[in-house]
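Please keep the structure in view while reading.

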Amino acid sequence: MKRRSLLTLLCTTTLAVSALASCEPPQPGQNTTSSSGKKVLTMVTSPDYPPYEFYDTAGGERKIVGFDVDIATKIAADLGYELKINESDFNGLVPALQAKRADFVMAGMTPTPERQKNVDFSSIYYEAKNTIIAPKASNLKTTKDLSGKTVGVQLGSIQEGDAKKIAAKVPGMKVKQLNRVPDIIQEIKSNRIDAAIVEDTVAKGFTDSSPDLVFNVIPPEGPSGSAIAFPKGSPLVAEFNQALEKMKASGEIKTLAAKWFATSVPPSPAASPSGSPSPGTVSPSPSKTP
């Protein structure tokens with residue numbers, strides 16, 4: 001009798017726990033369904049990397065916009081999903097995928113062999129080059145010129161790894177990691193660092209809005225190009241690759257690149273404090289050019 005009572009209690013407890021679990025709100029990255037009936041895809045990005053992604057407040061509304069956002073919005077709409085965007089520091093993007101807090105990541109990310117061990121990638125959707133940003137009067141044009149200089153890079157970015165490789169060959173070069181590219185640019189302007197290594201498309205935006213700065217392209221030696229990152233084994237990879245191929249074939253990628261990379265970025269793109277995620281939903285309409 002006691003054994004049967006215990007069994008009944010255990011079954012009741014199990015059912016109660018299951019019921020509670022089913023009532024828990026779904027977490028980002030679990031293909032939740034919106035009020036419109038569409039499945040929601042959660043994208044995580046680092047909105048401090050114009051023109052790929054950054055905060056636009058020009059219209060009085062603080063929203064994440066950029067090249068990557070336009071591509072993600074187009075793909076989500078074509079595939080029948082609703083898109084939600086959350087933010088993170090760049091070095092927190094891969095962990096977000098591993099923890100299933102995101103369905104995918106777009107942040108101008110290069111599919112390096114090290115990253116490929118932890119996440120899956122789409123095909124390359126855009127290729128850019130590393131550059132040296134420095135004051136015009138400094139005459140820092142090549143990696144050899146960085147001898148004895150302090151060079152800023154974004155923490156967790158491909159440029160951080162490239163800068164360390166350059167520093168191993170260039171005597172006296174020091175690498176300073178910072179979370180946000182605007183902070184790096186400010187460090188140059190304040191004479192706290194001598195230069196920075198940044199992608200050419202991003203460098204163009206900052207130098208266009210800061211005439212006292214100039215950039216010079218560094219010939220590539222390793223992996224290059226931006227791809228979309230997914231959790232390992234994600235079925236979305238094939239869907240997104242098909243959508244990307246259509247965008248390439250139709251010329252939409254080139255059109256968006258011309259839209260964003262030919263535009264000067266705001267002098268100080270606003271972003272929330274590091275470590276304070278700020279979710280936002282992106283509407284299907286094209287992002288406004290800053």
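Predicted model: local features only at pLDDT ≥ 70, side-chain atom pairs only at ≥ 80, totals over all residues.

The side chain of Lys176 meets that of Glu187 in a salt bridge, with 2.8 Å from N to O. Because Lys176 lies in strand 10 (residues 174–178) and Glu187 in helix 6, the pair ties together parts that are 11 residues apart in sequence. Glu187 is buried, its relative accessible area being 10%.

Glu187 is one of the buried residues of helix 6 (residues 181–189), which also include Val181, Pro182, Ile184, Ile185 and Ile188. After helix 6 comes Asn191, which has a positive phi, near 65°.

## Other charged pairs

The salt bridges come to 12 in count. Among them, Asp120 and Lys232 meet through their side chains at 3.2 Å, N to O. Asp120 lies in strand 7 (residues 119–121), whereas Lys232 lies in the loop between strand 13 (229–231) and helix 8 (236–250), so this pair ties together parts 112 residues apart in sequence.

Asp208 and Lys204 also form a salt bridge, their closest N and O atoms being 2.8 Å apart. Both belong to helix 7 (residues 200–209), where they are 4 residues apart and thus separated by about one helical turn. Asp208 is partly exposed at 37% relative accessibility, and Lys204 is partly exposed at 32%.

## A buried strand residue

Thr131, which lies in strand 8 (residues 130–135), is buried, with a relative accessible area of 0%. Leaving out residues up to four places away in sequence, Thr131 touches several residues, including Ala196, Val198, Asp200, Phe215 and Val217.

Conventions. Residues numbered from 1 in each chain as written. Heavy atoms only, no water. Helix = DSSP H or I, 4+ residues; strand = E, 2+ residues; numbered from the N terminus. Buried < 20%, exposed > 50% of the residue type's maximum accessible area, 1.4 Å probe, protein only. Contact = heavy atoms within 4.5 Å. Salt bridge = Lys/Arg side-chain N within 4 Å of Asp/Glu carboxyl O.
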